[in-house]
Amino acid sequence: MYLKDPAVPLPHAGKTTLVPALICAVLSVVVMRIGFLSFFFLAPLGVCAAVYGPAVWLGLVFAMLGNAVWSLGFSLRYGTGLPGIGMDMLYFTVLSAGFTWIMAGSPAASLIPPLRTLFRFIAACVAGALVLLGMIFSLNGDEGFSSLVRSQLETISSSYITSSGMDADQQAFLERMFTPDKIIEMFLMIILRGGALVSAFFLFFINRQAACILARLFRRQRENTGNDLTVFFAPRKAIWVLSLCLPVILFCRAVSLETVEIAAWNLLVICAIMFLAQGGGIVLFFLARRSMIMRLFCSLLFVCVVFSPGINVLALGVLILLGIAENWLPLRVQKKV
């Protein structure tokens, strides 16, 4: 899972790369503000990286400047204040810079040693998770926002319990268990113990896949950069780190070492993500040897599974176990003809 280092130095980018970098930057800033599509605000920068290489760093600069201007104008119009501007700029800058680093590598290979895409992905996910946690806790500290969230949660839980058709005793039990404070506490517990990392990972991964698909529309031939998931292997020692995290988590819960437990959970999630990618690579390896119709059918099936609650968790678990199993079983061995 490698990406080639930029072959053309950043200062040598000319008009043929300046215009696409500017267009991708504008699209990134605009998509960021379009409802559900805001989830794909990184994809334009990914397309720029895949098609024009190092020019994406110019696009990143343009995007950060454009986002800053937009945030300032929005703040002046609606009075969100400096904290709102700062949080919006920090979120956009960190995620955009991390994603650009994942897609294009270092802009100064002579100063920063080139890293494997996997390690760039992990570093960007950690940075993105820290920003997401900062935003969540800053909003949680806002009394007005907290009151609004609690009132909304209370309304939702009450509607769910009332429409569940349970008897009075069961409804009373659910009302005690699903209070707004307990729901918020559970959410914060999950988000601290790997939830933020998983969110950042899926944000980067989905935008990267969308960028790769769109990039094929802008170039006639697909270059083989050695970046195919079918050749991805997690580091050998990751399995031992994964195995060590489990007893550490149990021990820390027993002796109430919450800080160490949270760190162990996040390390466990990082290892699980690596084995998830390895399991996905195994599946793609076998699908690559099937017919186009079979690959299309499996792709549609995968989309259905991802959006099926419960089944998606089971499918991800199977992929992780498949990736772990490859540490001992040669699952991707080419058959000799």
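Predicted model: local features only at pLDDT ≥ 70, side-chain atom pairs only at ≥ 80, totals over all residues.
The pairs of rings come to ten.

Select F41 and Y91. Their ring centres lie 6.1 Å apart and the planes meet at 35°, so the pair is tilted. F41 sits in the loop between α1 (15-31) and α2 (43-52), while Y91 belongs to helix α4 (residues 81-104), so the pair ties together parts 50 residues apart in sequence. Colour both by accessibility. F41 is buried, at a relative accessible area of 0%. Y91 is buried too, at 17%.

Next, select F201 and F205. This aromatic pair is stacked, with 5.8 Å from centre to centre and 15° between the planes. Both residues are in helix α8 (residues 180-216), four residues apart, which separates them by about one helical turn. F201 counts as buried at 9% relative accessibility. F205 counts as partly exposed at 28%. Now widen the selection: F99, F121, F201, F202, F204 and F205 make up one aromatic cluster.

Move on to helix α9 (residues 238-255). At 1.5 Å a residue, its 18 residues should span 26 Å, and the end C-alpha atoms are 26 Å apart, which agrees. Pick out A238, I239, L242, C245, I249 and C252: these residues of α9 are buried. They cover an arc of only 150° around the axis, which puts them on the same side of α9. Show α10 (258-287) and α12 (311-325) as well; the buried residues of α9 pack against both.

Notes
Residues numbered from 1 in each chain as written. Heavy atoms only, no water. Helix = DSSP H or I, 4+ residues; strand = E, 2+ residues; numbered from the N terminus. Expected span 1.5 Å × (residues − 1). Buried < 20%, exposed > 50% of the residue type's maximum accessible area, 1.4 Å probe, protein only. Arc of directions from axis to C-beta. Contact = heavy atoms within 4.5 Å. Phe/Tyr/Trp six-rings, centres within 6.5 Å; stacked < 30°, edge-to-face > 60°.
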